[in-house]
Every structure is written in structure tokens, then in C-alpha cells.
Amino acid sequence: MAQKGVTANEKKMFIVDLIIIAAFVALGCFCFVTGKAYDIMLENKNFVENGVTFEALEAVNVTIDAQEKPIYLLNGDMAAGNAVGLSHTLKIDVLDESDKAIPDKTKVIKFTIKQLGTKRLLQIPKIYKTGKI
Amino acid sequence: MTNNGQKIKLFFIRNAVPIVFLVVCTIAIPISQFSMQYLIQEMLIRLARNSFLVLSLLIPIMAGMGLNFGMVLGAMAGQIGLIFISDWNIVGIQGMVLAAIISTPLAIFFGWICGTVLNKARGREMVTSYILGFFMNGVYQLIVLYGFGSIVPITNGKLLLSRGYGIRNTLNLDGVRLYLDNLIPVSIGGVQIAAATFIVIAIFCLFIIWFRKTKLGQDMRATGQDMAVADAAGIPVMRTRVISIIISTVLACYGQIIFLQNVGTMNTYNSHEQAGVFAIASLLVGGASVTRASIWNVFIGVILFHLMFVVSPMAGKYLVGEAQLGEFFRVFVSYGIISLALVLHAWRRHADQEQARQAFRGNNNNGTKGSDGK
């Protein structure tokens with residue numbers, strides 16, 4: 001009888017250990033997915049797709065996920081940005097001659113890393129025009 | 001009066017090390033010409049950076065295993081976790097948590113090895129753990145220098161040596177740098193306080209207080225007081241000792257992750273080496289001994305030891321015109337204080353044994369006299 005009690009206790013302990021390990025693995029996976037940083041290329045050049053030409057913007061500030069420093073791109077520029085996690089927001093501020101954001105020409109677009117494919121290249125003129133990645 | 005005098009004498013003897021440090025710091029601070037705000041800021045940074053590592057030493061002391069020089073094994077495990085998250089480009093708090101999750105099983109394994117070896121070397125735990133640290137350092141270097149990039153896949157070429165395998169000497173931990181410290185930004189009078197780190201440290205302190213009251217904690221205290229009595233009372237002494245080392249190693253692993261997120265760079269082959277010595281020196285400076293340590297010893301020790309670290313080079317420069325003198329002084333002090341504590345421990349133990357022997361003789365003589373008198 002006593003032996004059976006010990007076995008039941010051991011089983012219970014084994015199950016508790018398994019749950020703890022599973023919780024740690026799940027937490028690890030969550031951290032991996034939400035904490036992974038991706039390098040994203042941003043391009044502000046004339047871009048042609050399916051015969052449609054998207055003209056490069058004169059000057060824009062691009063902000064990924066409300067990061068402190070926006071990325072400043074002139075016509076023909078290319079720069080690298082950084083995004084952490086799977087889903088993101090991209091804010092494009094079109095700038096005037098004195099490099100100040102024109103209020104009604106700001107666009108916010110949501111995207112996921114999966115949408116970018118392996119290249120992870122954002123064509124800013126196309127995204128600004130169509131509102132899509 | 002004599003009783004009071006003895007009490008004061010005992011107080012000074014027990015707290016000789018922190019008192020000496022306090023006196024030296026009091027003299028050195030005005031000479032160094034640092035402003036009070038700068039010193040407070042530095043102490044807060046260093047408290048946040050080092051306290052977790054030093055706290056990890058308390059549990060083995062409770063279990064009577066002395067100062068766990070084997071904590072460097074935990075530090076190594078923490079660094080391996082950080083190497084992986086740097087390779088996978090995991091940043092922020094998630095990066096720190098993932099590094100802790102990856103390194104926990106390693107730290108448990110290292111702690112188990114360390115505890116098992118220390119059980120075979122009962123009575124000589126400190127020197128054994130010290131040498132075990134050197135041995136495992138060799139194994140760590142072998143794995144990180146030859147295994148990583150060849151057997152263990154590393155995808156980020158920036159982490160590897162130019163030959164294609166082995167991790168570089170210095171890793172940039174920009175992805176996790178100061179993330180915990182700046183998680184809850186608090187500033188009082190221009191002094192930045194790493195509130196989130198202090199909350200983690202406070203939780204750890206509460207854990208230690210709670211742990212002492214648990215069955216396992218009581219078993220550890222009993223084991224620390226007298227192994228034979230604990231064994232006779234049915235406590236699984238050897239298992240308890242191994243568990244204490246495992247807990248210490250795992251906590252040292254987390255401590256090293258917190259330490260390195262604060263520093264922001266990792267010396268792959270050196271960072272862990274000094275972790276043990278400096279943490280132990282801090283604890284001893286706080287008034288702890290090989291057999292007795294409290295949470296207060298940790299904080300007092302970290303403040304005094306690091307105050308000396310900050311102040312001594314500048315004091316040396318203004319006093320002798322040579323900043324290097326202060327550097328020598330602090331290295332001399334950290335190793336000297338460990339030696340002093342070990343000598344004091346040996347001397348106290350010898351004195352206790354002598355006293356017990358004399359008491360036994362005295363009792364015997366009295367007993368003989370009593371029987372003669374009859």
C-alpha cells in the first residue's frame with residue numbers, strides 16, 4: 001500500500017516536472033519568435049512592377065515600429081532598418097523642402113516578416129502609393 | 001563593564017574587514033575628488049550589476065559548503081546562452097530570458113557535476129571548487145574555441161574567428177545591452193536608477209528569505225551546522241549539498257547574464273574567470289565569513305568593495321601621481337581579503353577546537369575531583 005503511494009507521488013512529480021519543462025520550452029519559443037531581430041532593406045528608387053512605374057519620393061522619413069530614430073531617405077537612397085518580432089508597422093512621412101513632415105502625406109502600413117520573403121526589401125515608392133507591401 | 005568591553009571587542013573582531021574598508025574609503029573619497037552624485041550613481045550601477053552574482057553565494061554557505069568558487073561554472077553557462085542569442089539575433093528582454101532558458105539546463109548539469117565532486121571532497125570544498133573552476137574553464141575554452149562553428153552550428157559569421165570556427169574574443173551584446181536596467185527608467189536628482197534590475201534582486205532576496213523557511217532550507221541549515229547530526233536525523237545530506245550547489249550555479253548563471261547585459265560586451269574567454277573572485281571578495285568585505293553570510297553582507301560588501309574600486313585609482317593618482325597604483329591596490333585588496341577571510345576561518349576553527357578540548361578536559365578534571373571528594 002505504502003509502495004503504491006510512493007509510485008503515485010513519483011508519477012505526480014514526473015508530471016509536474018514535465019509541465020515545468022514544457023512551460024520553459026514554450027516560453028523559450030515565445031521569446032525566440034517575439035525577440036528575433038530582422039534586418040530590413042529600405043529602397044527609395046524608381047520601381048517598376050507589372051509595367052507600372054512607381055516614382056521615387058523626393059525625401060521621406062521611414063519609421064519602423066515607432067523606433068526613436070526615423071530613417072531619412074532621399075530620392076535614389078537605400079538604407080537598412082531593424083525590426084524585432086513578426087508583425088510591424090511602417091510609417092512613411094513625406095518631407096517638404098525644409099525636411100519637415102507634410103501632415104496629410106503620412107502613411108502607416110502594417111506588415112509581417114513573412115510578407116517580405118527572403119529578400120526583406122521594402123520598396124518605399126510602391127508601398128507609399130499602394131499602401132501594400 | 002567587562003561584558004560590554006568584550007561585546008565591543010567581539011563586534012570589532014567580527015566586522016574587522018568592513019570597518020577597515022569603511023575607514024580606507026572615508027580617507028580615499030576626498031582624495032579622489034569625485035563628486036557625491038558621481039559616486040552614488042556608480043554605486044547604484046554596480047549594485048545592480050553585481051548583487052545577483054553575490055547573492056548566489058549565500059545558499060552554499062547556508063549548507064556548510066563555504067564559498068562556492070564553482071559559481072564560475074554557472075557564469076560559463078550564462079555566457080553560452082548569450083552566445084546563442086547573439087547568433088540568433090534575439091534582442092531585448094526576450095533575448096535575456098531566452099539566454100537564461102538555454103543556459104539553465106547547462107547550469108543544472110554543471111552544478112550537479114560540481115556538487116557531486118564536492119561531496120567526494122568533504123571538508124575541502126572551497127579549494128576543490130576553485131580547482132574545478134579552472135578545469136571547467138579549460139573544457140569551456142575547448143568547446144567555445146573549437147566546437148562552436150564546427151560541431152555546434154553558428155550562422156552569424158560576425159561571431160566567428162577568421163578561420164571559420166571558434167567564437168571571437170569579444171562579443172558585442174548590443175541586442176541586450178541595458179535592456180533590463182532601462183526597462184523601468186527612474187531618475188532621482190539626476191541619478192539614474194535601474195529599477196527593474198533592483199526589483200529582480202529584491203525578488204531574489206525574498207526568495208532566499210522564503211527558502212530558508214522551507215523544508216529544504218531547514219535541511220540545508222542542519223547540514224551546514226553538523227553533517228553527522230543531520231544524517232542521524234534522516235536528512236539526505238549528500239543530496240541536500242548537491243541541490244545547494246545546483247541552485248547556486250543556476251543563480252550565478254542568471255547573475256552573469258544580468259552582469260553582462262549591464263556591461264554590454266562579453267570577453268568570451270575571460271568574463272567568467274573574475275566573476276567568482278570578485279563576488280566572493282565582495283561578500284567577505286561585507287562582513288560575511290566562510291560559515292556565516294546574510295543578505296545585508298551582500299549589499300554592504302558590494303558597496304564597499306566597488307567604492308574602493310572606483311575611488312582607489314583616482315586617489316592613487318592624486319596621492320602619488322600614479323593611477324596604476326590604485327589598480328594594483330584594488331587587485332591586491334580583492335585577493336588579500338579572500339586570503340584573510342580563509343586564514344581567519346582556519347584560525348577560528350582551530351581556536352574553537354582548542355576551546356572545546358579545554359572545556360572537555362576541564363569537565364573531566366571537575367568530574368574526577370568530584371568523585372575523589374566523595
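Buried area is the accessible area, taken with a 1.4 Å probe, that two parts lose on being put together, summed over both. By this definition, about 880 Å² is buried between chain A and chain B, and carbon and sulfur atoms give 71% of that area. The structure is a predicted model, in which local features need pLDDT of at least 70 and side-chain atom pairs count only at pLDDT 80 or more, while totals for chains, interfaces and linings use all residues. Residues are numbered from 1 along each chain as its sequence is written, chains are lettered from A and ligands numbered from 1 in the order in which they are written, and side-chain values use heavy atoms, with hydrogens and water left out.

At the interface, 10 residues of chain A are in contact with eight residues of chain B, contact meaning heavy atoms within 4.5 Å. Four residue pairs, both residues at pLDDT 80 or more, are in polar contact across the interface of chain A and chain B. A polar contact is a pair of N or O atoms within 3.5 Å; within protein, one must be able to donate a hydrogen and the other to accept it, and residues adjacent in sequence count only if both atoms are side-chain atoms. Zero salt bridges are found across this interface, a salt bridge being a side-chain nitrogen of Lys or Arg within 4 Å of a carboxyl oxygen of Asp or Glu. On the side of chain A that touches chain B, helix H1 (residues 2-35) of chain A gives the largest share, seven residues. Helices (H or I, at least four residues) and strands (E, at least two) are DSSP runs, numbered from the N terminus.

Over all chains, the structure holds six salt bridges. One of them joins Lys126(A) to Glu49(A), with the closest N and O atoms 3.5 Å apart. Lys126(A) is buried, at 13% relative accessible area, whereas Glu49(A) is partly exposed at 30%. Here buried means under 20% relative accessible area, exposed over 50%, and partly exposed in between (1.4 Å probe, protein chains only). The side chain of Lys126(A) also reaches the backbone oxygen of Ile133(A), at 3.5 Å. With neighbours within four places in sequence left aside, the contacts of Lys126(A) are Phe47(A), Glu49(A), Phe54(A), Gly131(A), Lys132(A) and Ile133(A).

Another salt bridge in chain A is formed by the side chains of Lys91(A) and Asp93(A), at 3.8 Å from N to O. Lys91(A) is partly exposed, with 36% relative accessible area, and Asp93(A) is buried, with 10%. In chain B, Glu125(B) and Arg241(B) form a salt bridge with their closest N and O atoms 2.7 Å apart. Glu125(B) belongs to helix H7 (residues 125-147) of chain B and Arg241(B) to helix H11 (residues 237-263) of chain B, so the pair ties together parts 116 residues apart in sequence.

Two strands count as paired if DSSP finds at least two bridges between them. Strand S4 (residues 59-64) of chain A is joined to S5(A) by four bridges, and the two run antiparallel. Within this pairing, Ala59(A) has Leu74(A) in S5(A) as its bridge partner.

Ala56(A) sits in the loop between strand S3 (52-54) and S4 of chain A and is buried at 14% relative accessibility. Ala56(A) and Asn75(A) are 19 residues apart in sequence, yet their C-alpha atoms are 5.6 Å apart in space. Beyond its neighbours within four places in sequence, Ala56(A) is in contact with Asn44(A), Lys45(A), Asn46(A), Asn75(A) and Pro125(A).

In chain B, four bridges join strand S2 (residues 185-188) to strand S3 (residues 191-194), and these strands run antiparallel. Ser187(B) has Gln192(B) in S3(B) as its bridge partner. S2(B) and S3(B) form a hairpin with two residues between them, and Gly189(B) in the turn has a positive phi of about 60°.
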